[in-house]
Amino acid sequence: MRIVLDLLGTDKAPSPEIAGAELFLKENPKSFLYIVGTPEFKNQIKFNGRYEFIEAENRVYFEEKPSEVLRTKKNSTIAIGLSLLKEGKADAFVSAGNTGAILAYSIKILGRLKGVKRPAICALFPSHKGFCAVLDVGANAFVRPLFLYQFGVMGKIFVEEIMGIKNPRIALLSIGEEETKGNELIMKSKELFEKDPNLNFIGFIEGNEILKGKADVVVTDGFTGNTLLKFGEGVVEFTHNFFLDSIESSIKNKIGFYFMKNSFKSFFKKVSYEEFGGAPLLGINGDVFISHGRSSKIAIKNALKSALKFVELRINEKIEKSLLEFEKVDIE
């Protein structure tokens, strides 16, 4: 399997990318990497192995506008990497770079899967019963009911294939579980979901119910989803620092931590973004994974592993087939 890695995506690039790539290749002896970077970073890759360095003219920074980037940086690391995917030289693309730019380049270079109105970023949230797929978490700030409906269909396929959950429970994120609560967008989206007998739609879900595992797929717009994701990351960081300060504050607490340390480790491992490393951009005609800008080498390695599994399961093909089948349902 051949995967493209954007060498200049993270805040601290290229160190996490180089270390993550080396770890990935050690653990996956049948895989090959195309590492795309600008020439001055080529010699920083010290390990030998199954990779090829591909030169790009420039990188995309987080503060740059996607529309401007598309016009002025046609040979950036992201553009070159996605072109390798388009040409069939690679099977997946991974980047921790500018999300808006990755989305814009992906639509321009790869296009959308047939039938998909808008791609969506799908992130896995931990829950009391396992994990829950939440989409969209950042690709679309403004949506229509049909977009949300399609996010639900794509989320269903993703959860069935990646998590092995048949007929997953799908819910719309709202301000209450009652049928009358929600704005016009949410109410019209609910009508679409209810018309489709192929989906296990369970209604509305509130933000505090996601962690309880009441749904396997939660659908929302990218603005709300990204806010939810970042708030969750903040809570994890706050909790981690709170416990560290508390443990250091007394001998009694240090002794208590000694007996509870395995539980703490299990908790923080489950809620860490590093475990999956990246989130797939569903609906794009190619396997594209987006990682966190502050990804560590472990996160990069795991993002590459997630991309590998995504390709092996041929999830995009199944999404396209499912959406074509669902088009037969009278949802308009």
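Here are some questions and answers about the predicted model above.

This is a predicted model, in which local features need pLDDT of at least 70, side-chain atom pairs count only at pLDDT 80 or more, and totals for chains, interfaces and linings use all residues. Residues are numbered from 1 along each chain as its sequence is written, and side-chain values use heavy atoms, with hydrogens and water left out.

Q: How many disulfides does the count come to?
A: A disulfide is taken here as a pair of cysteine sulfur atoms within 2.5 Å. The sulfur of C122 has its closest cysteine sulfur in C132, and at 8.9 Å that is too far for a bond. C132 is likewise in no disulfide, with the sulfur of C122 as its nearest cysteine sulfur. The count comes to 0 disulfides.

Q: What kind of aromatic pair do F238 and F242 form?
A: Rings of Phe, Tyr and Trp (its six-membered ring) pair if their centres lie within 6.5 Å; planes under 30 degrees apart count as stacked, over 60 as edge-to-face and the rest as tilted. There are 9 aromatic pairs by this rule. For F238 and F242, the ring centres are 6.2 Å apart and the planes are at 25°, so the pair is stacked.

Q: About how far along the helix are F238 and F242 separated?
A: Helices (H or I, at least four residues) and strands (E, at least two) are DSSP runs, numbered from the N terminus. Both residues belong to helix α7, residues 222–248. Because F238 and F242 are 4 residues apart in that helix, their separation is about one helical turn.

Q: Which residues are linked into a cluster by ring pairs?
A: Ring pairs can join up into a group, and here is one to look for in the structure. The cluster is made of Y149, F193 and F201.

Q: How many of the residues of helix α3 are buried?
A: Helix α3 spans residues 77–86 and is mostly covered. Its buried residues are T77, I78, A79, I80, G81, L82, L84 and L85. They pack against β1 (2–6), β2 (32–37), β3 (51–55), β4 (92–95), α4 (99–109) and β11 (287–291). Of the 10 residues in α3, the number buried is 8.

Q: At what angle do α3 and α4 pack?
A: Axes are lines fitted to C-alpha atoms, for helices over the stretch in contact, and angles run from 0 to 180 degrees between N-to-C directions. The axes of α3 and α4 are 10 Å apart. The packing angle is about 35°.

Q: How many nonpolar, polar and charged residues does the contact of α3 with α4 have?
A: With contact meaning heavy atoms within 4.5 Å, I78, A79, L82, S83 and K86 in α3 meet A101, I102, Y105, S106 and I109 in α4. Ala, Val, Leu, Ile, Met, Phe, Trp, Tyr, Cys and Pro count as nonpolar, Asp, Glu, Lys and Arg as charged, and the others, Gly among them, as polar. By class, that gives 7 nonpolar, 2 polar and 1 charged.

Q: Which residues does A303 touch, not counting those up to four places away in sequence?
A: A303 sits in helix α9, residues 297–312. With 0% relative accessibility, A303 counts as buried. The residues that A303 touches are V94, F276, G277, G278, F289 and S291.

Q: What is omega for the cis peptide bond that joins L135 and D136?
A: D136 is located in the loop between β6 (130–135) and α5 (145–163). For the bond joining L135 and D136, omega is about 15°.

Q: Where is P14 found?
A: The peptide bond from A13 to P14 is cis, with omega near 5°. P14 lies in the loop between β1 and α1 (15–27).

Q: What is the phi of R314?
A: R314 is in the loop between α9 and α10 (315–326). At 49% relative accessibility, R314 counts as partly exposed. Although R314 is not a glycine, its phi is positive, at about 55°.

Notes:
Buried means under 20% relative accessible area, exposed over 50%, partly exposed in between (1.4 Å probe, protein chains only).
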